Amino acid sequence: MHVDEWLQAIPPLWICALVGLVIGLESLGIPLPGEIVLVSSALLAAQGVVNPLWVGICASVGAIVGDSVGYAIGRKGGKPMFDRLGRRFPKHFGPSHIAKAERYFERYGMWTVFFGRFVALLRILAGPLAGALRMPYWRFLTANVLGGIAWAGGTTAVVYYLGRVAEKWLKGFSWAGLVLAVLFGVATTLLVKRRAARMVAQEAEEPAGAV
């Protein structure tokens, strides 16, 4: 059973609650498919199953609260916590992942928290790592709130309207919204990866230039 089919089997109120819960848990550092659940819920909203406004609100609240809890955990546990997590979950918290995230924080500061919402790795690590690196909370909170609303609300709105337009044009082919959403997601991912590759190349050139 696909995620959207499973979501259709539960009441609308629980869909919104589930969206907030999954995204909140993902944001505090637990690897969960938050983006998949959000996109699926937005597509259901386009079909009239659930209110898109509440999907966006619950997703935003989950993202902001989850990241804040992650920040508190990271601030209390510090870097040793990531060493322990790296040994247990090398796929998500391995040394290379942590080192890459730390470089983003050193280079871009609070913007890492904001744009980290749109990158799977940073979406999991941003909150805890910001706490472990002792980022001032007011800076973290500003980036967290703005990034959470932009990612959760923006994703909900884009997928919802794409689904509505597709449904109107193609007279009920519900998969059309999913196809358009996937194409949008792929294009965004490629753009982010290209930018990330450029950033990594610049970082590699800097030490060479210093020598």
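This is a predicted model: local features need pLDDT of at least 70, side-chain atom pairs count only at pLDDT 80 or more; totals for chains, interfaces and linings use all residues.
Trainee: What does the same test give for helix α2 (residues 12-27)?

Mentor: Its 16 residues should span 22 Å, and the end C-alpha atoms are 23 Å apart, which agrees. After α2 comes glycine 29, with a positive phi near 120°. Just after α3, glycine 48 also has a positive phi, of about 85°.

Trainee: How many helices and strands make up the chain?

Mentor: Ten helices and zero strands.

Trainee: Why is α3 called largely enclosed by the rest of the structure?

Mentor: Buried means under 20% relative accessible area, exposed over 50%, and partly exposed in between, with a 1.4 Å probe and protein chains only. Eleven of the 13 residues of α3 are buried, so the helix is largely enclosed. Among them are Val37, Leu38 and Ala42. Over the chain of 211 residues, 40% count as buried.

Trainee: What makes glycine 34 buried or exposed?

Mentor: Its relative accessible area is 0%, so glycine 34 is buried. Contact means heavy atoms within 4.5 Å. Leaving aside residues up to four places away in sequence, glycine 34 touches Val22, Ile23 and Glu26.

Trainee: How many salt bridges does the rule count?

Mentor: One. The rule asks for a side-chain nitrogen of Lys or Arg within 4 Å of a carboxyl oxygen of Asp or Glu. Aspartate 67 and arginine 117 meet it, with the closest N and O atoms 3.2 Å apart. Aspartate 67 sits in helix α4 (residues 52-88) and arginine 117 in the loop between α7 (110-116) and α8 (120-132), so the pair ties together parts that are 50 residues apart in sequence. At 1% relative accessibility aspartate 67 is buried, and arginine 117 is buried at 2%.

Trainee: Which residues form the nonpolar patch on the surface?

Mentor: Leu53, Trp54, Ile57, Val61, Val65, Val69 and Ile73, with about 610 Å² of accessible area together. Areas come from the Shrake-Rupley method with a 1.4 Å probe; for residues, only the protein chains shown count as cover. Patch members have over 30% relative accessible area and no salt bridge; nonpolar side chains (Val, Leu, Ile, Met, Phe, Trp, Tyr) are joined within 5 Å, like charges within 9 Å. Valine 65, in α4, has 46% and is partly exposed.

Trainee: Where does UniProt place the feature "transmembrane region"?

Mentor: The unreviewed entry gives residues 12-32, 53-73, 108-126, 138-161 and 173-192. UniProt positions are in the numbering used here, feature names are shortened, and annotations may be inferred rather than shown by experiment. In the model, residues 138-161 are 100% helix, while residues 12-32 are 76% helix.

Technical notes. Residues are numbered from 1 along each chain as its sequence is written. Side-chain values use heavy atoms; hydrogens and water are left out. Helices (H or I, at least four residues) and strands (E, at least two) are DSSP runs, numbered from the N terminus. The expected span of a helix is 1.5 Å times one less than its number of residues.
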